[in-house]
Amino acid sequence: MGKLMTVYLAYAEEAKRQHYLTLSVAEGTTLYEALAQAGWLMQFPALARWCEEVEQVITPAAKRWHVGIYAQKQPLSYPLQPFDRIEVYRSLSADPMSQRKSKSRG
């Protein structure tokens, strides 16, 4: 086992339901492996299904990507660095551009 490092996980499942975790992982651990080690793939079945669908994707697609590091979308194969913050993004209920246009017309 390699040297351990600390990473952080954050998931705003809903506006009022958020999850945070600090995790020690071995150097070389991928983003996907950290989600599994944290137990989040068991705790959040929708996240697990999504990960299975995109596990082999190398270049994240902007609109359908649900994970990143410090607001930068990364593939599940991304090798974590010490103190990385893994963020799980939820799908938006409405397009932000459409919402702004609606407000400006109102």
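User: Where does threonine 30 lie, in terms of strands and helices?

Analyst: This is a predicted model in which local features need pLDDT of at least 70 and side-chain atom pairs count only at pLDDT 80 or more, while totals for chains, interfaces and linings use all residues. Residues are numbered from 1 along each chain as its sequence is written, and side-chain values use heavy atoms, with hydrogens and water left out. Helices (H or I, at least four residues) and strands (E, at least two) are DSSP runs numbered from the N terminus, and threonine 30 lies in the loop between strand 2 (17–26) and helix 1 (31–37).

User: Is threonine 30 buried or exposed?

Analyst: Buried means under 20% relative accessible area, exposed over 50%, and partly exposed in between, with a 1.4 Å probe and protein chains only. Because its relative accessible area is 17%, threonine 30 is buried.

User: Is phenylalanine 83 partly exposed or buried?

Analyst: Phenylalanine 83 is found in the loop between strand 4 (72–73) and strand 5 (85–88). Because its relative accessibility is 49%, phenylalanine 83 counts as partly exposed.

User: What is the order of the strands in the open sheet?

Analyst: Two strands pair if DSSP finds at least two bridges between them. The open sheet has 5 strands with mixed pairing, and their order is 2-1-5-3-4. The edge strands, each pairing on one side only, are strand 2 and strand 4, within the order 2-1-5-3-4.

User: Which residue in strand 5 is the bridge partner of valine 67?

Analyst: Strand 3 (residues 67–69) and strand 5 run antiparallel and are joined by 3 bridges. In strand 5, the bridge partner of valine 67 is valine 88.
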